[in-house]
Amino acid sequence: NGQCYFYSYSDQMVADAWMALPDEKRARFAPIMASFNPTDVNAIDHVQRMWDKYPGLWRGLGEVMCRHDDLTMLLQDDETPVINHMAMRPLYQFCIKHNLNCLVHHNADRTFKRKQDGYAYA
């Protein structure tokens, strides 16, 4: 049960794997970006950088992990990702501007209490 973190290089790995495919196989995939922290106000910079680096590759954002079972409680950051976090607003605007899907995982309820702050979103 070690702590988890967002590994932004994962999007680069997806892009590299997609670029290595022949054109006929690329057509079978719709790569999406998900390697950013939804509570980081600078997440939009990562998304914009990857969008600019690989024009025409990305089909959306996701699966953005907000309230997700016990996984949320294992994040290194103390801030809980939620669907209406202020850091998500520029990401939603980016998706609107570029006509992209944004897939968000957001459970409806909490799973357990966390001692330091009472109820925590999971």
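Close-up 1. Being 3 residues apart in helix H2 (residues 23–26), Arg-26 and Asp-23 are separated by about one helical turn. Helices here are DSSP runs of H or I with at least four residues, strands are runs of E with at least two, and both are numbered from the N terminus. This is a predicted model: local features need pLDDT of at least 70, side-chain atom pairs count only at pLDDT 80 or more, and totals for chains, interfaces and linings use all residues. Residues are numbered from 1 along each chain as its sequence is written, and side-chain values use heavy atoms, leaving out hydrogens and water. Arg-26 and Asp-23 form a salt bridge, with 3.6 Å between the closest N and O atoms. The term requires a side-chain nitrogen of Lys or Arg within 4 Å of a carboxyl oxygen of Asp or Glu. A search of the whole structure finds 1 such bridge. Arg-26 is buried at 19% relative accessible area, whereas Asp-23 is exposed at 57%. Buried means under 20% relative accessible area, exposed means over 50%, and partly exposed lies in between (1.4 Å probe, protein chains only).

**Close-up 2. The aromatic pair of Trp-51 and Phe-94.** A search of the whole structure finds 1 aromatic pair. The ring centres of Trp-51 and Phe-94 are 5.5 Å apart and the planes stand at 90 degrees, so the pair is edge-to-face. The pair links distant parts of the chain: Trp-51 belongs to helix H3, Phe-94 to helix H4 (residues 89–98), and 43 residues separate them. Rings of Phe, Tyr and Trp (its six-membered ring) pair if their centres lie within 6.5 Å; planes under 30 degrees apart are stacked, over 60 edge-to-face, and the rest tilted. Trp-51 is buried, with a relative accessible area of 17%. Phe-94 is buried too, at 4%.

**Close-up 3. Ser-35 and its contact with Asp-11.** Ser-35 sits in the loop between strand S1 (32–33) and helix H3 (43–53). Its relative accessible area is 11%, so Ser-35 counts as buried. The side chains of Ser-35 and Asp-11 make a polar contact of 3.2 Å. A polar contact is a pair of N or O atoms within 3.5 Å; within protein, one must be able to donate a hydrogen and the other to accept it, and residues adjacent in sequence count only if both atoms are side-chain atoms. Beyond neighbours within four places in sequence, Ser-35 is in contact with Tyr-7, Ser-8, Ser-10, Asp-11 and His-46. Contact means heavy atoms within 4.5 Å.

**Close-up 4. Gln-12 in helix H1.** Gln-12 is buried, at 9% relative accessibility. Its side chain joins that of Lys-53 through a polar contact of 2.8 Å. Not counting residues up to four places away in sequence, Gln-12 touches Met-50, Lys-53 and Tyr-54.

**Close-up 5. Tyr-9 and a nonpolar surface patch.** Tyr-7, Tyr-9 and Met-13 make a nonpolar patch of about 330 Å². Patches consist of residues with over 30% relative accessible area and no salt bridge; like charges are joined within 9 Å, and nonpolar side chains (Val, Leu, Ile, Met, Phe, Trp, Tyr) within 5 Å. Accessible areas come from the Shrake-Rupley method with a 1.4 Å probe; for residues, only the protein chains shown count as cover. Tyr-9 lies in helix H1 (residues 9–19). Tyr-9 is partly exposed, at 43% relative accessible area. The C-alpha atoms of Tyr-9 and Ser-35 are separated by 7.1 Å, with the two residues 26 residues apart along the chain.
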